[in-house]
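Subject: Structure handover

Hello,

Here is the structure we talked about. Please open it alongside this note and follow the residues as you read.

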Amino acid sequence: MRALPAFAAALLTVSLALAGCSMGASDGQDMKADSAAKPATGQQGAGAADEGRGEQLAKDGKKAEAEAEAAKTHVIRTATLSVEVKSVTKALAEARSVAVDAGGVIEDETTERVDDSYTTSHVVLRVPEAEYDSVLTELAGTGKLLSRTANAKDVTEQVVDVNSRIATQRASVNRVRKLMDQAQDITDVVALESQLNTRQAELESLLAKQASLADRTTMATVTLDLSEWAKEEKADEDDGPGFLDALGGGWDAFVSVLRWIVVVLAAILPFVVALAVLFVLWRVFGVRLTALRARRTPVVEPAAAPAPAPSPSPDEDKGEGKQD
């Protein structure tokens, strides 16, 4: 009887020892599995965290850019200069050089010569807004400044409004495209295509307006009118006419007189022709009529006149005197 309790106690001790060993092994495996799983989970979490951080940075960058754009002032600058110069050709070349050096362009140019001695030029320049003031100063220094007009128009509200409408319109276009991808009925597809075309046209119109505003706010417009000095003409008049001037004036007078003579001759030519025709008709028909009348009219010879009594001679007169 004493041997049975002792055997039972030994068996219980062994079973407990085996159970402890198995639990220790399982705990060791679980700990290894946990330790192996933790690095993988940590790596995935780190990758997801980096991706989320990148997206957040991108969003923050776009937001900051939008805020900077909204805070920026957009101004359309225009100016008109009227300058009197000694030589329009030289001043025009200088204006072109100033615009090109500033990073601008020549948008329009009209040059004409009046009376073969006076030249004018009308030039439209587009220059960057940052170089606007310096370009005006250089252009005004090409000659005598007659007039200057500058204008600045703030269009910041228009730019912000157009940008906001473009963002909204783009989102609307994207939604319609997603609905078209999901649509299965042909009626829905046709209706969505009509909506997409309308919204796409509105988006393109807004983009064109945005580009126009961007061009007008980044590039200032300068209109330059160039004219030559009138002092040269006055100097020529003060010098008085020379030999060539007198010769030219005489030739002009001769040509004018000759022209008037030709005009007068051309005016009386019809009358001369008419008189000549009448004279020829008179010579042809008038002479014949006179000859016919002369033939028809009888010739009457005049009666012989009595012979005059002979006048006494001087001797006879003396004799008669003596007889008396």
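The side chains of serine 121 and threonine 111 are joined by a polar contact of 3.0 Å. (A polar contact is a pair of N or O atoms within 3.5 Å; within protein, one must be able to donate a hydrogen and the other to accept it, and residues adjacent in sequence count only if both atoms are side-chain atoms.) This is a predicted model: local features need pLDDT of at least 70, side-chain atom pairs count only at pLDDT 80 or more, and totals for chains, interfaces and linings use all residues. Residues are numbered from 1 along each chain as its sequence is written, and side-chain values use heavy atoms, with hydrogens and water left out.

Serine 121 lies in strand 3. Helices (H or I, at least four residues) and strands (E, at least two) are DSSP runs, numbered from the N terminus. Serine 121 counts as buried because its relative accessibility is 4%. Buried means under 20% relative accessible area, exposed over 50%, and partly exposed in between (1.4 Å probe, protein chains only). Not counting residues up to four places away in sequence, serine 121 touches Val88, Leu92, Thr110, Thr111, Leu224, Asp225 and Leu226. Contact here means heavy atoms within 4.5 Å.

(Axes are lines fitted to C-alpha atoms, for helices over the stretch in contact, and angles run from 0 to 180 degrees between N-to-C directions.) Strands 1 and 4 pair in the antiparallel sense over 10 bridges. Two strands pair if DSSP finds at least two bridges between them. Serine 82 has serine 147 in strand 4 as its bridge partner.

Next, helix 3 (residues 132-140). Its buried residues are Tyr132, Val135, Leu136, Leu139 and Ala140. They cover an arc of only 130° around the axis, so they sit on the same side of helix 3. The arc is that of the directions from the helix axis to the C-beta atoms. Asp133 and Thr137, on the other side of helix 3, are exposed. The buried residues pack against strand 1 (75-85), helix 2 (88-101), strand 3 (118-128), strand 4 (144-154) and strand 5 (219-228).

Then the cores. The largest nonpolar core has 22 residues, and those with the most contacts inside it are Leu139, Val222, Leu224 and Leu226. (A nonpolar core is a set of buried Ala, Val, Leu, Ile, Met, Phe, Trp, Tyr and Cys residues joined through side-chain atoms within 4.5 Å.) Strand 1, helix 2, strand 3, helix 3 and strand 5 each supply at least two residues of this core. Helix 2 gives the largest share, 6 residues. A second, separate core of 12 residues includes Ile76, Val173, Leu196 and Leu206.

Last, helix 5 (residues 186-218), where leucine 207 has its place. Leucine 207 counts as partly exposed because its relative accessibility is 29%. Leaving aside neighbours within four places in sequence, leucine 207 is in contact with Ile166 and Arg170. Leucine 207 and isoleucine 166 are 41 residues apart in sequence and 7.1 Å apart in space, C-alpha to C-alpha.

Best wishes
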